[in-house]
Amino acid sequence: MSSGLAARCDAKKLVRSPSGLRMVPEHRAFGSPFGLEEPQWVPDKECPRCMQCGAKFDFLTRKHHCRRCGKCFCDRCCSQKVPLRRMCFVDPVRQCAECALVSHREAEFYDKQLKVLLSGATFFVTFGNSEKSETMVCRLSNNQRRLILDGDSHHEIEIAHISTVQILTEGFAAAGGNARATGMLLQYMAPGAEGTAQLKLTAGEDANASRRQAAAWMAAMHKAAKLLYESRDQ
């Protein structure tokens, strides 16, 4: 990717919406695949009562819209202000209790797992049905749109084109334990190809920092896939 195009992909602008200030991509096509669109607010005339507790709105009981779901609530049911990074809000925004809980859980992805994906990890990578693997560093691009694989060769896969993410394990989950993750299988739409392409990531066998990093990267990628599917279903 040229430096000029990369600069366009990373360009941001500050916009004001009814819900608050948002730092969004200069060009919508370059937005994060994990992002969510702002919801349409339920019109005031259609919600005479709180959509959670049923309290009637009046001069003393004011109505508030949840910035994540767009539904109408009283102050008691929509009092939390929580970061909502998937909608690019600059500051924490008002959310109902149910949405606030989801946003709190997603914060772990942005605070921890996204950093792991950006840092990358080393895997043995096998493309398609090839019997040969290549040692490559796999990482997420800074704009979160591409999976970059660097080794003797270089490959880039659009995150939005990934259709399946499967953790490969060995062993059995004993009481209180888990099966050991050994790799990951990705299926994706390759430009100009019919059907889906496939690649397999295999972690090294040595129980060292590199393997731990690979395990953390796979767990983060699995979480990213869940967010990606949610964005598509919006």
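Predicted model: local features only at pLDDT ≥ 70, side-chain atom pairs only at ≥ 80, totals over all residues.
Biologist: With which residue does the side chain of R86 meet in a salt bridge?

Modeller: A salt bridge is called when a side-chain nitrogen of Lys or Arg is within 4 Å of a carboxyl oxygen of Asp or Glu. The side chain of R86 meets that of E106, with 2.7 Å from N to O. E106 lies in helix α2 and R86 in the loop between β5 and β6, so this pair ties together parts that are 20 residues apart in sequence. E106 is buried too, as its relative accessible area is 5%.

Biologist: Which residues are linked with R86 and E106 in a network of salt bridges?

Modeller: The network consists of R68, R86 and E106. The structure holds 7 salt bridges.

Biologist: Which salt bridge involves R85, and which parts of the chain does the pair link?

Modeller: R85 forms a salt bridge with D111, the N to O distance being 2.7 Å. The pair links distant parts of the chain, 26 residues apart: R85 is in the loop between β5 (80-82) and β6 (93-95), and D111 is in helix α2. As for accessibility, R85 is partly exposed at 38%, and D111 is partly exposed at 33%.

Biologist: Which strands hold E170 and R180, and what do their side chains form?

Modeller: Their side chains meet in a salt bridge of 2.0 Å, N to O. E170 belongs to strand β11 (residues 162-170) and R180 to strand β12 (residues 180-188), so the pair ties together parts that are 10 residues apart in sequence. E170 counts as partly exposed at 38% relative accessibility, and R180 counts as partly exposed at 33%.

Biologist: Where is the kink in α2 centred?

Modeller: The kink is centred on Q113 and amounts to about 40 degrees. Q113 is also one of the buried residues of α2, which include C99, A100, S103, F109, Y110, L114 and L117. Just after the helix, G120 takes a positive phi of about 90 degrees.

Biologist: How many residues lie between β8 and β9, and which residue in the turn has a positive phi?

Modeller: The hairpin of β8 and β9 has 5 residues between the strands, and Q144 in the turn has a positive phi of about 70 degrees. β8 and β9 are antiparallel and joined by 4 bridges; L140 stands opposite L147 in β9. Strand β9 in turn pairs with strand β10 (residues 154-158), in the antiparallel sense, over 5 bridges. In that pairing L147 stands opposite I157 in β10, and a hairpin of 3 residues joins β9 to β10.

Biologist: Why is β9 described as largely enclosed by the rest of the structure?

Modeller: The description follows from a count: 4 of the 5 residues of β9 (residues 146-150) are buried, so the strand is largely enclosed.

Biologist: Which residues form a nonpolar patch on the surface?

Modeller: L14, M23 and V90 form it, with about 260 Å² of accessible area together. L14 is placed in strand β1 (residues 12-17).

Biologist: How far apart are M51 and F73 in sequence and in space?

Modeller: They are 22 residues apart in sequence and 5.6 Å apart in space, C-alpha to C-alpha. M51 is in the loop between β2 (20-25) and β3 (63-65), and it is partly exposed, with a relative accessible area of 41%.

Key
Residues numbered from 1 in each chain as written. Heavy atoms only, no water. Bend = angle between axes of the 7 residues up to and from the residue. Helix = DSSP H or I, 4+ residues; strand = E, 2+ residues; numbered from the N terminus. Buried < 20%, exposed > 50% of the residue type's maximum accessible area, 1.4 Å probe, protein only. Patch = residues over 30% accessible without salt bridge, like charges linked within 9 Å, V, L, I, M, F, W, Y side chains within 5 Å. Areas by Shrake-Rupley, 256 points an atom, 1.4 Å probe, with all protein chains shown as cover. Pairing = 2+ DSSP bridges.
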